[in-house]
Amino acid sequence: MAERLHAVLREFKNAADVGTPSDQVRNALLERVDQLARIDLPDLESEPLPLQPESLDLILSALAFQFINDLPGVLAQIRRALRPDGLFLAAMIGGDTLTELRQSFASAEAECEGGVSPRVAPFADLRDIGGLLQRAGLALPVTDVDRVVVRYDSAFSLMADIRRMGATNVLTERRRTPLRRATLKRMADIYARRFADPDGKVRATFEIVWLSGWAPHESQQQPLRPGSAKVSLEAAVKKVKP
């Protein structure tokens with residue numbers, strides 16, 4: 001987060017960190033902003049974020065938005081809280097995160113129980129997030145992805161880490177009956193067979209989606225009016241062909 005802000009050549013006087021679960025981001029950015037407030041996500045999603053309209057130059061969030069049901073609503077509130085030309089910068093878990101665990105559970109349940117229950121929460125796709133930024137009214141939206149692969153001794157070690165993070169299954173459509181021991185063992189066997197390295201350790205993928213956008217301002221670059229181009233795309237392509 002600090003590296004990405006370092007590339008932005010402007011000062012931020014009033015900033016807020018929305019929902020980030022630890023102090024690491026705030027500690028890293030104390031010298032970058034004059035005031036950095038911590039804003040917790042409401043316990044009830046019907047409650048608005050405690051942000052005043054056009055009160056902030058910068059809003060940040062790290063690894064919190066994947067737990068929000070109404071992400072479009074939260075992004076719209078963030079857009080309203082930014083002053084003109086204010087920046088929104090966030091990172092959230094997305095896409096193919098824990099794809100190995102999801103695939104292994106699906107195969108094991110289909111084999112042992114004759115059906116599949118959602119065990120891993122769905123995460124937002126990169127293209128969908130870009131659309132949500134535009135829908136919220138943010139200008140110059142940008143999204144990109146970092147992929148991190150973590151290795152564990154077994155699928156059980158990975159699941160223990162997830163439990164310690166407080167990120168176990170909270171889906172309303174999950175199966176309510178206890179998970180069978182045979183299904184769990186079969187899942188671990190499938191995981192080890194499909195996603196293990198030569199040394200026996202298994203891989204777990206975490207995809208971190210970065211998203212940023214600006215509150216609209218007249219100084220920002222604007223798209224050209226449709227039909228105003230003076231050179232056709234076909235002519236430009238022919239010109240660069242060898």
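Modeller: I call something a salt bridge when a side-chain nitrogen of Lys or Arg is within 4 Å of a carboxyl oxygen of Asp or Glu. This is a predicted model, so local features need pLDDT of at least 70, side-chain atom pairs count only at pLDDT 80 or more, and totals for chains, interfaces and linings use all residues. Residues are numbered from 1 along each chain as its sequence is written, and side-chain values use heavy atoms, with hydrogens and water left out.

Biologist: How many salt bridges does the count come to by this rule?

Modeller: 17. One of them is D153 with K201, where the closest N and O atoms are 2.5 Å apart.

Biologist: Which parts does that pair tie together?

Modeller: D153 is in the loop between β5 (139–152) and α6 (155–164), and K201 is in the loop between α7 (181–195) and β6 (202–214), so the pair links parts 48 residues apart in sequence. Helices (H or I, at least four residues) and strands (E, at least two) are DSSP runs, numbered from the N terminus.

Biologist: And is D153 buried or exposed?

Modeller: Exposed, at 55% relative accessible area. K201 is partly exposed at 28%. The cut-offs are under 20% for buried and over 50% for exposed, with partly exposed in between (1.4 Å probe, protein chains only).

Biologist: Switching topic: how do strands β1 and β2 run?

Modeller: Parallel, with six bridges joining β1 (residues 12–18) to β2 (residues 33–39); strands pair if DSSP finds at least two bridges between them. The chain gets from β1 to β2 through helix α2 (residues 24–29), in a right-handed β-α-β crossover. Right-handed means that, with the strands pointing away from the viewer, the path from the first strand over the helix to the second runs clockwise.

Biologist: Last one: where does Q66 lie?

Modeller: In the loop between β3 (56–62) and α3 (71–81). Q66 is buried, at 18% relative accessible area.

Biologist: What does Q66 touch?

Modeller: M92, I93 and F123, leaving out residues up to four places away in sequence; contact means heavy atoms within 4.5 Å. The Q66 side chain also reaches the backbone nitrogen of I93 at 3.2 Å.

Note on methods. Polar contact = N/O pair within 3.5 Å; in protein donor to acceptor, adjacent residues only side chain to side chain.
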